[in-house]
Amino acid sequence: MIYKSNKLLYVLILIYIHIFNVCPSTISFHHHKNDVYEDYDITTIYRTTNMSYFDRNSDGHEKFDITTIYRITNMSLFNRNNGRLVYHNEVYLRTNAIGMPLQLYDGNHVMSSNTIEISNFRTFKNNSQMSISYDSNSWTERSINQFNGYYEYCNKINDYSEDEEIYYQTTVKPRKQLYTNYCYNVFEFLFQNYHCLQYNTLNYYNIEPVNCTIFTFYWTPDKDQTCLTMTYYRFYYQQNIDENLITMDMYDKNNMVLSSTKLNKYDGVSTLKITNIVFKKNEEYKLSFSVNLIPYTYRGRLNELGQFGLIRIAQCSNYDEEEVRIVSANSFSDSGINPMPFNILGYGVVERSDESLHPCLNGGYFTTFSKCVCPPGFKGQFCETGCGLNSYGFDCKGVCSITTDKMCRGMLMCTSYGCTCPPGLTGPLCNKDCTFGTYGADCKQTCSSNCLDNACDQYTGVCLRGCSAGYVLPYCREKYPFLINPPTLLSVTYDRIEIELNFGKNSMTKYGEKILNIKYYQIYYKSLIEDTFRTFEIKLISNTINTTTEIISDLEPDTKYKIGVLLIADDGNFNDQDVVYGQYKTTCNQPQITDYNIKLISGIRSINITWNIINLSRIECKITTYALTLTSSRSQNQITDVQEILSSTESGHFLDNLLPGFQYNIKLTPSTSNGTLPPSPIYSFTTLMSKNDVQIKNISTKHENGKIKLYWIMVNSKHQHYTTVHEPITSIIRYKVNYSQLLQ
């Protein structure tokens with residue numbers, strides 16, 4: 001009894017130790033989409049030097065075109081190999097590309113790497129640091145197409161059919177492109193060939209779950225490590241296959257489990273990463289893969305378990321956040337060397353969209369998958385953030401050089417974007433600084449027009465001397481937000497205006513690339529005749545309610561006011577150049593006027609009209625216009641004889657250029673902003689005439705008592721009717737005697 005209790009205690013201690021050892025490590029899965037357009041953080045760097053070294057002598061050998069060569073090679077590493085040109089370049093795998101294998105073809109090989117790995121399991125030779133154990137009859141080498149997991153598309157380029165030719169041309173690109181990567185070499189496990197699985201599934205009496213170890217990896221680090229990755233391929237023929245079929249266990253030198261996990265269900269390539277665990281220097285660790293199943297479930301059906309294959313096992317770098325590989329590749333002897341990027345899936349350069357308008361900044365381009373692909377040295381959803389001097393990669397943590405005199409000079413960077421000089425540099429050798437007013441990859445971008453003095457950082461485009469008013473630092477591309485619409489009028493009286501403000505996301509302009517927190521607002525208002533705005537105190541915008549009301553008091557009646565709202569960001573800045581203002585008018589009472597006391601003074605061809613100045617109370621509407629209606633007394637109903645005259649003064653008006661001696665009618669009609677007031681009575685007047693306005697007509701004589709009397713009439717020279725002249729007239733009478741008639 002005591003023995004059994006001690007045995008139970010011993011088991012519990014082992015379980016506790018197992019849990020204690022398993023828990024600290026972190027297991028993460030990174031599923032790599034089966035999509036050629038997934039953007040992996042891979043930068044291929046070609047280092048450039050003086051091209052003159054490669055000009056050929058006139059000895060019959062090829063002389064390379066400088067425009068073809070200058071952007072691709074580390075010239076100091078060029079060498080000859082059987083008449084073929086061999087060049088070296090550096091491939092940096094970062095962030096989402098860490099742990100992914102880089103498939104190389106004929107003429108390419110990895111010269112050195114900052115990680116220790118196994119990627120060719122069949123030919124791998126066990127050594128003191130790494131060794132593997134497996135049943136050779138149950139594992140085979142295959143090339144699989146990462147798009148669909150099939151084998152048939154991985155034949156040599158000259159072996160595929162016409163249909164496959166179309167597939168290659170439209171989907172995976174021809175293999176003749178130097179770094180095309182449409183297939184993986186996979187070390188695949190054959191479920192149906194493994195004796196452990198065969199034996200247990202054929203045993204009709206075996207109903208208990210079985211565990212068969214199918215592969216073991218032994219690793220002795222040469223220094224303390226904290227990370228290990230395993231890249232594998234899984235393809236399920238049927239969706240009802242147990243997702244916990246394959247497990248991975250990590251053991252220490254005492255065969256104690258350090259980490260255990262089940263490979264989750266995913267069709268395609270995945271990378272399993274073990275972190276937060278200390279692998280001691282010179283201590284052996286074991287990584288094993290096992291198949292777990294209930295035998296009778298798969299009796300005679302082992303070939304239905306799908307595909308499982310190992311692609312790569314590698315240690316992670318403790319301190320470097322990237323994997324670096326120096327790659328040597330042979331160019332084609334009958335063509336120049338064209339730089340192109342390495343990538344994980346397919347040819348490295350992503351297909352661009354035809355859209356002319358897109359949100360990508362800093363030279364980034366829009367893809368057919370509606371995402372931005374950034375040039376080297378920029379990051380973000382819209383390529384909005386520059387990495388700055390001496391930096392690259394998706395996270396901008398890649399470092400070009402550890403010396404200040406070099407930085408990224410002389411490097412050509414190739415990514416899925418394409419190949420270009422690093423930001424801030426240009427020229428055939430990528431070693432010339434951008435000219436003033438330009439920046440970015442290969443200096444192809446121009447500083448924002450809103451940068452003061454057109455000065456910006458040559459690497460990032462950050463404005464060095466600030467922005468024009470209303471624009472957001474550091475790039476001065478986006479304006480600080482403002483409300484799209486003016487405030488909504490709720491009510492108005494003669495001395496106050498009530499408005500509603502809406503701070504919802506759809507009510508203000510978008511923030512653009514920079515995420516701004518609009519925190520405060522301030523009311524601006526003034527009458528239309530004032531020069532400067534009056535303001536409210538700055539107020540906090542509610543985080544829970546989008547709308548608020550404000551009342552502006554102590555206003556003047558019958559007055560138009562201009563009202564707007566200034567938005568203030570949490571950094572204290574704002575855009576006061578684009579505030580949208582609305583116009584709102586206070587109310588008033590219409591004046592009650594019964595007598596305008598109009599007086600008329602006729603003049604020669606003119607009339608002077610006066611009326612009393614209208615005195616108003618504070619809340620009565622201001623007189624805005626005084627309209628005089630002038631008509632002829634003889635044609636009052638004829639529209640053509642009616643004139644509407646607006647007076648320029650508030651107490652009278654002078655009309656001239658009227659017809660002399662003509663009778664007119666006139667009335668006064670004042671108006672306010674609320675409409676017209678009752679008109680005055682109609683007044684009649686006749687203009688005066690001068691002596692130049694009359695003619696003498698119908699002269700006649702009469703002889704009476706030895707005297708001659710002379711008669712005539714005076715008429716208006718314009719209208720030929722009797723008239724009165726309102727000034728003295730001197731008449732001169734001329735006559736002569738006719739003697740011939742007297743003699744008779």
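# Loops and cores of a predicted chain

Asp 453 is placed in the loop between S29 and S30, where strands (E, at least two residues) and helices (H or I, at least four residues) are DSSP runs numbered from the N terminus. Phi of Asp 453 is near 60 degrees, a positive value in a residue other than glycine. Asp 453 is exposed, with a relative accessible area of 55%; exposed means over 50%, buried under 20%, and partly exposed in between, with a 1.4 Å probe and protein chains only.

The model is predicted: local features need pLDDT of at least 70 and side-chain atom pairs count only at pLDDT 80 or more, whereas totals for chains, interfaces and linings use all residues. Residues are numbered from 1 along each chain as its sequence is written, and side-chain values use heavy atoms, with hydrogens and water left out.

**The chain as a whole**

Five helices and 47 strands are found in the chain. Of its 744 residues, 46% are buried. Contact here means heavy atoms within 4.5 Å. Among contacts between residues at least 6 apart in sequence, 66% join residues at least 24 apart.

**Nonpolar cores**

A nonpolar core is a set of buried Ala, Val, Leu, Ile, Met, Phe, Trp, Tyr and Cys residues joined through side-chain atoms within 4.5 Å. The largest such core has 40 residues, and those with the most contacts inside it are Phe 191, Phe 215, Phe 217, Phe 308 and Leu 310. Strand S10 (residues 210–219) supplies the largest share of this core, six residues. Apart from this core lies another, of 23 residues, which includes Ile 499, Tyr 525, Leu 555 and Ala 569.

When neighbours within four places in sequence are left aside, the contacts of Phe 215 include the aromatic-named partners Phe 121, Tyr 134, Trp 139, Phe 187 and Phe 289. Phe 215 is also in contact with Ile 132, Leu 287, Leu 310 and Ile 313, and with Ser 133 and Ser 288.

**The loop between S29 and S30**

Tyr 480 lies in the loop between S29 and S30, and Pro 474 is found in this loop too, which runs between strand S29 (445–446) and strand S30 (488–492). A cis peptide bond joins Leu 473 and Pro 474, with omega at about 10 degrees. Most residues other than glycine have a negative phi, and most peptide bonds are trans.

Tyr 480 is buried, with a relative accessible area of 4%. Its side chain makes polar contacts with those of Asp 571, at 2.7 Å, and Asn 573, at 3.2 Å. A polar contact is a pair of N or O atoms within 3.5 Å; within protein, one must be able to donate a hydrogen and the other to accept it, and residues adjacent in sequence count only if both atoms are side-chain atoms. Beyond its neighbours within four places in sequence, Tyr 480 is in contact with residues including Gly 470, Tyr 471, Val 472, Thr 509, Leu 516 and Ala 569.

Asp 442 is found in the loop between strand S28 (438–439) and S29. Although Asp 442 is not a glycine, its phi is positive, about 60 degrees. Asp 442 is buried, with a relative accessible area of 11%. Gly 427 has its place in the loop between strand S26 (425–426) and strand S27 (432–433), and at 15% relative accessibility it counts as buried.

Ile 497 is found in strand S31 and is buried, with a relative accessible area of 0%. Leaving aside neighbours within four places in sequence, Ile 497 is in contact with residues among them Leu 489, Val 492, Ile 551, Ile 552, Leu 555, Tyr 561 and Thr 586.

Ser 507 sits in the loop between strand S31 (497–502) and strand S32 (518–527). Ser 507 is buried, with a relative accessible area of 16%. A polar contact of 3.3 Å joins its side chain to that of Asn 502.

**Pairs separated in sequence**

| Pair | Separation in sequence | C-alpha to C-alpha distance |
|---|---|---|
| Gly 427 and Cys 443 | 16 residues | 9.2 Å |
| Tyr 480 and Leu 567 | 87 residues | 8.3 Å |
| Ile 497 and Thr 586 | 89 residues | 7.0 Å |
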